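Work through the exercises below with the sequence and the 3D view open. Each task is followed by a solution in steps.

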Amino acid sequence: MLSESARTEIAAGVRPVSAKKDRAFEQMIWHITNGWNRGGNVATAVGALAGLIVGCIVIVGCVWGAGVGAAIGAVVGINNGDPRAGQAILNWINTP
């Protein structure tokens, strides 16, 4: 039985998150963490170092280069560590 406050929220258009969305979120977090632990952290460090060097040489900025390099390194490292991480993110986004 729903409480009075829950009925009021549902009537106002507030919908609880579906169980499917929760499962998709949990799977996404698991795959990202798995990829991070299997090499994503090292790839992030390598990407940050490479971005720092390239950023300083190209005069874009050392800090900006390091940030972009770290982001690219994290994405590549996590996807190499767990190839299903990218699909898990898309599944979570597309789950109603």
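**Exercise 1: Two packed helices**

Helix H2 (residues 19–58) packs against helix H3 (residues 62–81) at an angle of about 150 degrees, the axes being 5 Å apart. The model is predicted: local features need pLDDT of at least 70, side-chain atom pairs count only at pLDDT 80 or more, and totals for chains, interfaces and linings use all residues. Residues are numbered from 1 along each chain as its sequence is written, and side-chain values use heavy atoms, with hydrogens and water left out.

Task: state how H2 is oriented relative to H3.

Solution. Step 1: axes are lines fitted to C-alpha atoms, for helices over the stretch in contact, and angles run from 0 to 180 degrees between N-to-C directions. Step 2: angles under 35 degrees count as roughly parallel, over 145 as roughly antiparallel, 65 to 115 as roughly perpendicular and the rest as oblique. Step 3: H2 is therefore roughly antiparallel to H3.

**Exercise 2: The disulfide**

Task: find which cysteines form a disulfide, and give its handedness.

Solution. Step 1: a disulfide is a pair of cysteine sulfur atoms within 2.5 Å. Step 2: the sulfur atoms of Cys56 and Cys62 are 1.7 Å apart, and the two residues form a disulfide. Step 3: the torsion about their S-S bond is about 135 degrees, so the disulfide is right-handed.

**Exercise 3: Accessibility**

Task: decide whether Cys56 is buried, partly exposed or exposed.

Solution. Step 1: buried means under 20% relative accessible area, exposed over 50%, partly exposed in between (1.4 Å probe, protein chains only). Step 2: Cys56 has 37% relative accessibility, so Cys56 counts as partly exposed.

Methods. Helices (H or I, at least four residues) and strands (E, at least two) are DSSP runs, numbered from the N terminus.
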